[in-house]
Amino acid sequence: MSGSTKTMSVLTVGVLVLTTAYTVALGSNGWLWFGWVVLGLVTIGVAAIRDA
């Protein structure tokens, strides 16, 4: 994995932690989860392209 892919992976995990904390503290927000899913898919796509 390149440096940018590792950075995106760390960012994706960080956003997951923040989204989970927000959900626990204030209740679920569908847009936050939708945004995290999109970020996760983009991260997976970048990792697949860089490793190919």
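Me: What separates W33 and W36 in helix α2?
Reply: Heads-up, this is a predicted model: local features need pLDDT of at least 70, side-chain atom pairs count only at pLDDT 80 or more, and totals for chains, interfaces and linings use all residues. Numbering runs from 1 along each chain as its sequence is written, and side-chain values use heavy atoms, leaving out hydrogens and water. Helices here are DSSP runs of H or I with at least four residues, strands are E runs of at least two, and both are numbered from the N terminus. Since W33 and W36 are 3 residues apart in α2, what lies between them is about one helical turn.

Me: How many aromatic pairs does the count come to?
Reply: Rings of Phe, Tyr and Trp (its six-membered ring) pair if their centres lie within 6.5 Å; planes under 30 degrees apart are stacked, over 60 edge-to-face, and the rest tilted. By that rule, the count of aromatic pairs is 2.

Me: Which residue forms an aromatic pair with W31?
Reply: A pair of aromatic rings is described by the distance of the centres and the angle of the planes. For W31 that's 5.8 Å centre to centre and 90° between the planes, which is edge-to-face.

Me: How is α1 oriented relative to α2?
Reply: Axes are lines fitted to C-alpha atoms (for helices, over the stretch in contact), and angles run from 0 to 180 degrees between N-to-C directions. Helix α1 (residues 3–26) packs on α2 at about 165°, with the axes 10 Å apart. Under 35 degrees is roughly parallel, over 145 roughly antiparallel, 65 to 115 roughly perpendicular and the rest oblique. That makes α1, relative to α2, roughly antiparallel.

Me: Which residues does T5 touch beyond four places away in sequence?
Reply: T5 is in helix α1 and counts as buried, at 1% relative accessibility. It's one of the α1 residues that meet α2. With contact meaning heavy atoms within 4.5 Å, T5 touches V46, A47 and R50.

Me: What about T23, how far is its C-alpha from that of W33?
Reply: T23 is also in α1, and it's partly exposed at 22% relative accessibility. Leaving aside neighbours within four places, T23 is in contact with S28 and W33. T23 and W33 are 10 residues apart along the chain, and their C-alpha atoms are separated by 9.4 Å.

Me: What feature does UniProt place at residues 31–49?
Reply: UniProt positions use the numbering here, feature names are shortened, and annotations may be inferred rather than shown by experiment. In the model, this span is 100% helix and 0% strand, with its end C-alpha atoms 27 Å apart. According to the unreviewed entry, the feature is "transmembrane region".

Conventions:
Buried < 20%, exposed > 50% of the residue type's maximum accessible area, 1.4 Å probe, protein only.
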